[in-house]
Amino acid sequence: MSLYANTKPSISSFNAPSYAPQLVEGINTVLVIGSGGLSIGQAGEFDYSGSQAIKALRESNIRTVLINPNIATNQTSHALADRIYYLPVTPEYITYIIQREKPDGILLTFGGQTGLNCGIALDQSGILAKYNVKVLGTPIQTLITSEDRDLFASALKQINIPIAESVACDTVEQTLAAAAQIKYPIIVRSAYALGGLGSGFANNEQELRQLASKSLALAPQILVEKSLKGWKEVEYEVVRDRANNCITVCNMENFDPLGVHTGDSIVFAPSQTLSDEEFHMLRSAAIKIIRHLGVVGECNVQYALQPDGLDYRVIEVNARLSRSSALASKATGYPLAYTAAKIALGYTLPELPNPITKTTVANFEPSLDYIVAKVPKWDLAKFQYVDRSIGSAMKSVGEVMAIGRNYEEAFQKALRQIDPSLLGFQAGPASEFPTKAVLDDALANPTDRRVLAIGHAMINEGYTVDMVHELSRIDKWFLYKCQNIVDMYKKLNKVTDAAQLDADLLKAAKKLGFADKQIAKSIAPELNLSEFDIRKIRKSFGIVPFVKRIDTLAAEFPAMTNYLYTTYNATKSDVEFNENGMLVLGSGVYRIGSSVEFDWCAVNTANTLRKEGKKTIMINYNPETVSTDFDEVDRLYFEELSFERVMDIYELEQSEGCIISVGGQQPQNIALSLFQNGCNILGTSPEDIDKAENRHKFSTILDSINVDQPEWSELTSMEEANKFAAKVGFPVLIRPSYVLSGAAMSVVNDVEELREKLSLASDISPDHPVVMSKFIEGAQEIDIDAVAYNGKVLVHAISEHIENAGIHSGDASLILPPQYLSNDTKRELKDIADKVAIAWKITGPFNMQIIKDGKKPLKVIECNIRASRSFPFVSKVLGVNFIELAVKAFLGGDKVPEPVDLMMGKDYKYVATKVPQFSFTRLGGADPYLGVEMASTGEVASFGKDLTEAYWTAMQSTMNFKVPLPPTGILFGGDLSKDHLGNVAKQICDLGFKFFAPNEETKAYITKFIGDASPVEVLNFPANDNRTVRALFADNKISCVFNLASKRAENTDDKDYQMRRQAIDFALPLFNEPQTALLFSKCLYAKIGEKIELLKDGNTKIPSEVLSWEEFLGFKAI
């Protein structure tokens, strides 16, 4: 029986007097499932889609309850959801919330794969039926059909839609028989193998025999499919309501041919190379599919399309909001998530207004008079031993979106957005592609560097479009467009005199998306012209960008939208510049070290400015963000965060001022240039910020105000480095200036390593010398987040790290309020914050990291004069919005609040812990060892009555964490020279677990600590034989690994590396740092008995950690 019994639309339109939509009855409270910590494959797009869904529900006067432990998100704010639970997104915890909140309905399709899987599990266990919770939107059976390969295949066969056939095989003989049936060429994929391990292509029996035997050594089963390698990959976003109205909102085409996961592909919208016939054939199929499956809401259909014919296959259907939906929403201006949430309540498309135009209905297909480019952001260089190839498993950590009036403009903008070091479409370093064979391989086999290989081939090596196409199978249309950029480089290369840079040449270059800096670098170096010189010349010719609107209607109807982009391919701007709004610079692309927490900061900055009566202008280019939602600001520019573009917009808008300290490191890096060119920067002066970013200036000022720091020195030669290391003793820490999340920082233990590492660091930062400091081992690290006004601290938070110093603060687990610091220490920390605020004349947010080494004086190791990654965490845990206070400090005068001390004399009845979310499962081969380089992709946090409860809940909130239950096995390994591992074993030896060790030495060590409390068995793990290793893990029911190695692996044969990597590959909890391992063992000791009781059938008890944010705080914070 369908929830939507009535399939007839009401006759009225939203602006008719008889408007009376027929909604699902009895829906007053809805439970929204969030997606949890950001990870590869499931990132910020779900904060955006969930936030839109909650807005849509609120508009309909529905109370919303949200479960999402990702404390950095915008949706976990009371400005959106009515009730928020920072708890694990698992069937177990969702059941507790259903018991407490008694929701009438549940939304499953706004929380990524996590939300979907939980919904299916809750339905199958009978919980939803038991508590009478209605699944709103797409029915459960449709979700199951789209997820289950066999059900999906038979459903599409019923309507004659072709899909890629696959056969599951367990032996080489079965594989050969399957290939004979499917016909070569074929692709082999390993089942149960993460990261596409063991997959590959075979053109004949001989190749397949080799590949299959290798793959079956890695996994128990492989799938054999028809290879469609080289086919085009195309996606359609489709919407359907209960009355069977369907529209396709956006179609997108991948630059990369099939074989690369769509999340790792460069994508263009709308599609560029499809004929009208192909476009309509796939559109009709998408609508047929969504109607047959019975989707109610939004759905994404992925196709493989024959490059030279009309044959196609459906690859997959996502019957939920996805990464592509966020991209499609931002690319077209059509709010997919908002519309899907309204449809889930029973509205039909003709009954809904298009919220962007407010004059047309939602039942229309957007038309675009521009082109959108999406490029993924990888951070693979941060990981040791990682496999850099990109294929069927996604590895990118974020993505950018650029808008232009032609392909070249959009593509070059997008490439610069990925990384400020890129000028646009350019050649990679020649040293990376030293020979033709290496270059051809880079073109034929995609990696995260392929676009640079294409640039090198076409710009430096003279490869033709045909040559690149033959190797890469990228459609020639895209490559001809790249050739246009190459031709412009050649024209610019011929400029040897400034007079040759005439208006025509500059205009032509700007129309092809060339940046001022790119032009400066492309002309004769002896002219010695900088980006600033090119800007001056360009403006003297009156060449400035025009501002165009995204109105979803290709300007066919009048629409007053605030959704803007700049282009040189126009003759006039679509907007008047008379608002003088305040510029807020957003976070840019999500990457390791800068993620959704800075989007929260940007959104809260804009909200506060609006409350204070200011017009706001947001600049950001990340389609996964809430800050790029059309209703968050007065004007939204989907644009680059470069000096050139920000200055263009600042001058066009005649902005009142610019806020650069809430978007992370990227806006900070252009602050000084903006300031020197006349931009009014709010808050701390960029000249003072520079004194904190530049290590030499930073350390000198600390010395002058008597604030202690580890011994340091600025070095320009190897000789100086050796002298300093000899003076202070190893280990030492080396780092360049202006770094984000510890890039190029490393701890060095001896002279040989020093020589090796210094060559690396100087490559990364040629403009700044390297700073070297004494590295203090075994010390405690403390974070201070604060807001000041004219050098006076208004508010501060002190968070303790659980891990010892030496783990990057972004990978550390934080405790707030602090549990182990004396009042004297807290006063000393506040004193340091006061001194620093005065010395740097701080107005606005800042963050410091401080080392506490026993009774010795506290030492400052870092200070960032901007909002930090932990601002949302401290704001939500203490119930005081630090960003709101920072904005009031920026505005000054009577807006500035009185200082409050949130740390001293306060009796908090709760503790919160923030723990990192890693994505090692997605990064085949990467060593999950933590150090000064940041590795986590996200974070989660939970509250508790004490530290044990908070940490226990937070760990379960990380993705796919399974609590080890006795009598399963626990594997121990790592450094036997310290007591850490033994203490962990001692803590849990009476709980009924079986203990395992990788060798006799570890067995003897563990036995010394636990006596005969539990026998320790040795497992002999063979090298490079995953099949046997998998069997050993499975047969001995190993459910958790503690590997406390003292240093990184030298190579992949290292036994500790293999143990850590296997824990990841088999999706087991891995503890690889002493303090967190010990804390988790204490949690197991305290909580495992209760957990076993809770998991018994028929349990109705709710554990004490299941309280809402408001209940923990005792009031409703915003």
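1. The structure discussed here is a predicted model. Arginine 473, at 38% relative accessibility, therefore counts as partly exposed.

2. Most residues other than glycine have a negative phi. Arginine 473 sits in the loop that lies between helix H15 (465–472) and helix H16 (476–493).

3. Although lysine 841 is not a glycine, its phi is positive, at about 50 degrees. The residue is found in the loop between helix H27 (823–839) and strand E30 (844–852).

4. Tyrosine 184 and proline 185 are joined by a cis peptide bond with an omega of about -5 degrees. Proline 185 belongs to the loop between helix H7 (172–182) and strand E7 (186–190).

5. A cis peptide bond also runs from alanine 269 to proline 270, where omega is near -10 degrees. The loop holding proline 270 lies between strand E12 (267–269) and helix H9 (276–293).

6. Finally, a remark on annotation. An unreviewed UniProt entry carries the annotation "domain: MGS-like" for residues 961–1118. In the model, the chain over residues 961–1118 is 42% helix and 14% strand. The C-alpha atoms at the ends of this stretch are 30 Å apart.

Notes: Residues are numbered from 1 along each chain as its sequence is written. This is a predicted model: local features need pLDDT of at least 70, side-chain atom pairs count only at pLDDT 80 or more; totals for chains, interfaces and linings use all residues. Side-chain values use heavy atoms; hydrogens and water are left out. Helices (H or I, at least four residues) and strands (E, at least two) are DSSP runs, numbered from the N terminus. Buried means under 20% relative accessible area, exposed over 50%, partly exposed in between (1.4 Å probe, protein chains only). UniProt positions are given in the numbering used here, feature names are shortened, and annotations may be inferred rather than shown by experiment.
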